[in-house]
Amino acid sequence: MVVSVLSQTRTRMSQPKIAPIETLPAILNRGLRIYPHEGTASDRPLKLSLIVPTYNERRNLHQLVDRLMQLLDRVVPNDYELIVVDDDSPDRTWELADILAETYPQLRSIRRCDERGLSTAVIRGWQASRGEILGVIDADLQHPPEVVTSLWLEIDRGADLAVASRHVEGGGVSDWSLARRFLSRGAQLLGLAILPGVVGRVSDPMSGFFMVRREAIAGKALDPVGYKILIEVLGRGDIRWIGEVGYVFQERNEGESKVTWKQYLEYLHHLLRLRVTLFPLARFLRFGMVGLSGVFVDMAVFYLLRDGLGWGLTRAAILSAEVAIFNNFLWNDRWTFADLSRRQRGWRKWFKRFLKFNFVCLAGLVLNVSIVNLLFNLLGANEYVAKLIAIALVTFWNFWVNLKLSWRVTDVSDG
Ligand SMILES: Nc1nc2c(ncn2[C@@H]2O[C@H](COP(=O)(O)OP(=O)(O)OP(=O)(O)O)[C@@H](O)[C@H]2O)c(=O)[nH]1
Ligand SMILES: [Mg+2]
């Protein structure tokens with residue numbers, strides 16, 4: 001089917017924000033009128049839509065399409081589509097895609113003239129698709145088409161996301177220089193440092209070869225910068241079950257890589273943007289308010305013990321601090337992290353959370369004193385400024401460690 005269309009956003013100067021991918025029922029309700037073309041009589045939902053983003057891939061496209069079609073005809077016969085999304089390549093890849101679509105009925109071709117970029121090309125392709133499962137594969141044959149079969153098997157077994165990985169059994173890179181391996185691993189480590197909960201979920205977060213269930217990303221506002229669409233899917237999607245399949249990244253035989261230093265900067269930009277968006281701000285604010293209430297409790301109890309009961313300074317300070325910790329724990333358990341505590345029922349689990357909270361607060365105190373000392377004694381900062389910085393840093397630390405340790409959801413027995 002030839003559906004070579006110009007982007008509908010011709011009049012806009014900047015790149016438009018991308019609307020979320022729709023659910024299949026929503027598309028069906030509209031009578032399958034799918035962006036960017038009008039629906040036709042042959043439109044019907046399919047099992048798989050595989051997107052091939054292209055920019056100057058004329059010399060690779062025919063072979064790729066031919067190999068993919070042969071495979072998919074066996075794996076999901078008559079139930080898939082291949083969508084080439086080309087960004088108006090100077091080598092006229094879009095034209096070849098149009099011509100191929102006349103021979104291969106399962107092939108569709110989209111030509112974008114006003115928008116550029118790998119990730120947005122993939123999302124536009126998914127938006128224009130009608131598959132229950134959405135996938136992506138590079139056009140340059142560096143992703144071996146045969147791996148599509150294993151990815152499909154993972155999805156068929158129930159995975160929400162199936163990722164082709166260079167870093168699991170059967171995976172690797174063919175002929176990379178030491179510098180390139182270093183850069184690739186460095187980028188992964190950077191991702192782990194900034195977004196451990198996202199990047200750490202798969203062995204190859206840089207992979208651009210994967211399949212995902214539409215329902216896991218439908219309705220989510222995907223807004224990636226640059227190349228790494230998988231990180232966006234992992235960060236914003238509802239992904240529970242992940243399957244990984246090893247593959248060897250092949251050398252390019254035809255055409256040229258489009259990767260430059262710009263992509264590395266975009267990657268960093270993307271990570272930071274996701275970090276900010278995914279930061280649980282509302283939860284953090286609640287945690288901060290609870291912390292503030294603890295200060296008052298601490299002071300009040302301290303006053304009572306000292307002035308009312310005449311306790312010694314150390315004893316009064318320790319007990320008032322512990323009462324404040326208990327106060328904070330109760331509020332956090334009932335309010336800040338209520339959704340998580342509800343999933344960890346029973347007194348034993350409650351008490352375990354309380355012990356962990358105590359431990360984190362104690363460690364926070366040690367951290368607080370160390371930071372004040374470091375800033376005041378070593379760096380010569382004003383002691384009140386040093387104290388303020390320490391409080392701010394320790395609040396973040398306390399919040400994060402408590403979220404990840406004390407109220408950790410993996411402690412839950414769901415069944
Ligand atoms: N539509 C579209 N596709 C792109 C764009 N940039 C790259 N691609 C395609 O995305 C795929 C991956 O791009 P490559 O340049 O090969 O990047 P890579 O495989 O990560 O890196 P190399 O190993 O250096 O080739 C290829 O199919 C490209 O044609 C773009 O701006 N728009
Ligand atoms: Mg490539």
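**Strands, burial and a ligand shell**

Analyst: Leu161 stands opposite Val212 in strand 7. The model in which this pair sits is a predicted one.

User: What makes strand 5 and strand 7 a pair, and which way do they run?

Analyst: Two strands pair if there are at least two bridges between them. Strand 5 and strand 7 (residues 210-213) are joined by three bridges, so they meet that cut-off. The two run antiparallel. Val163 also takes part, with Phe210 as its bridge partner in strand 7.

User: How many bridges join strand 5 to strand 8?

Analyst: Five bridges join them, and at least two are needed, so strand 5 and strand 8 (residues 242-246) count as a pair. These strands run parallel. In strand 8, Glu244 is the residue that Val163 stands opposite.

User: What makes strand 4 and strand 7 a pair?

Analyst: They share four bridges, against a requirement of at least two, so the pairing holds. Strand 4 and strand 7 run antiparallel.

User: Why is strand 5 described as largely enclosed by the rest of the structure?

Analyst: A residue is buried if 20 or more other C-beta atoms lie within 10 Å of its own. In strand 5 (residues 161-165), five of the five residues are buried, so the strand is largely enclosed by the rest of the structure.

User: Which residues of strand 5 point one way and which the other way?

Analyst: Leu161, Val163 and Ser165 point one way, while Ala162 and Ala164 point the other way. All of these residues are buried. In a regular strand, side chains alternate between the two faces of the sheet.

User: What residues does Ala162 touch?

Analyst: Leaving aside residues up to four places away in sequence, Ala162 touches Leu151, Glu154, Ile155, Phe210, Met211, Gly243 and Val245. Contact here asks for C-beta atoms within 7 Å. In the largest nonpolar core, which has 65 residues, Ala162 is among the five that touch the most other members, along with Val52, Leu151, Phe210 and Met211.

User: Why is helix 9 said to be largely enclosed?

Analyst: Eight of the eight residues of helix 9 (residues 229-236) are buried, so the helix is largely enclosed by the rest of the structure. The buried residues include Glu232 and Arg236 as well as Ile229 and Leu230.

User: Is Asn78 buried or exposed, and why?

Analyst: The cut-off for exposed is 12 or fewer C-beta neighbours. Asn78 has 10 inside 10 Å, so it counts as exposed. Asn78 is placed in the loop between helix 2 (58-75) and strand 2. Its phi is near 60°, a positive value in a residue other than glycine.

User: Is Leu141 buried or exposed, and why?

Analyst: Leu141 has 21 other C-beta atoms within 10 Å, and 20 or more are enough, so Leu141 is buried. Leu141 lies in the loop between strand 4 (131-136) and helix 5 (147-156). Leu141 also has a positive phi, about 65°, although it is not a glycine.

User: Why does Ala193 count as exposed?

Analyst: Ala193 has 10 C-beta neighbours inside 10 Å, and the limit is 12 or fewer, so Ala193 counts as exposed. Ala193 belongs to helix 6 (residues 178-194). Ala193 and Leu271 are 78 residues apart in sequence and 10.0 Å apart in space, C-alpha to C-alpha.

User: Which residues come nearest to ligand 1?

Analyst: There are 20 residues around ligand 1, and Pro53, Ala121, Ala139, Ser257 and Lys258 come nearest. Strand 1 (46-54), strand 2 (80-86) and helix 4 (118-127) are the elements that give two or more residues to this shell. By type, the shell holds seven nonpolar, five polar and eight charged residues.

User: What domains does the assignment give, and how many helices and strands are there?

Analyst: The domain assignment gives domain 1 (24-278) and domain 2 (281-411). Their centres, taken over C-alpha atoms, are separated by 45 Å. The protein has 15 helices and nine strands. Of its 415 residues, 35% are buried.

Definitions and conventions: Residues are numbered from 1 along each chain as its sequence is written. Chains are lettered from A and ligands numbered from 1 in the order in which they are written. This is a predicted model: local features need pLDDT of at least 70, side-chain atom pairs count only at pLDDT 80 or more; totals for chains, interfaces and linings use all residues. A residue is near a molecule or strand if its C-beta atom, placed from the backbone, lies within 6 Å of it. Ala, Val, Leu, Ile, Met, Phe, Trp, Tyr, Cys and Pro count as nonpolar, Asp, Glu, Lys and Arg as charged, and the others, Gly among them, as polar. Domain bounds come from an automatic or database domain assignment. A nonpolar core is a set of buried Ala, Val, Leu, Ile, Met, Phe, Trp, Tyr and Cys residues joined through C-beta atoms within 7 Å. Two residues are in contact if their C-beta atoms, placed from the backbone, lie within 7 Å.
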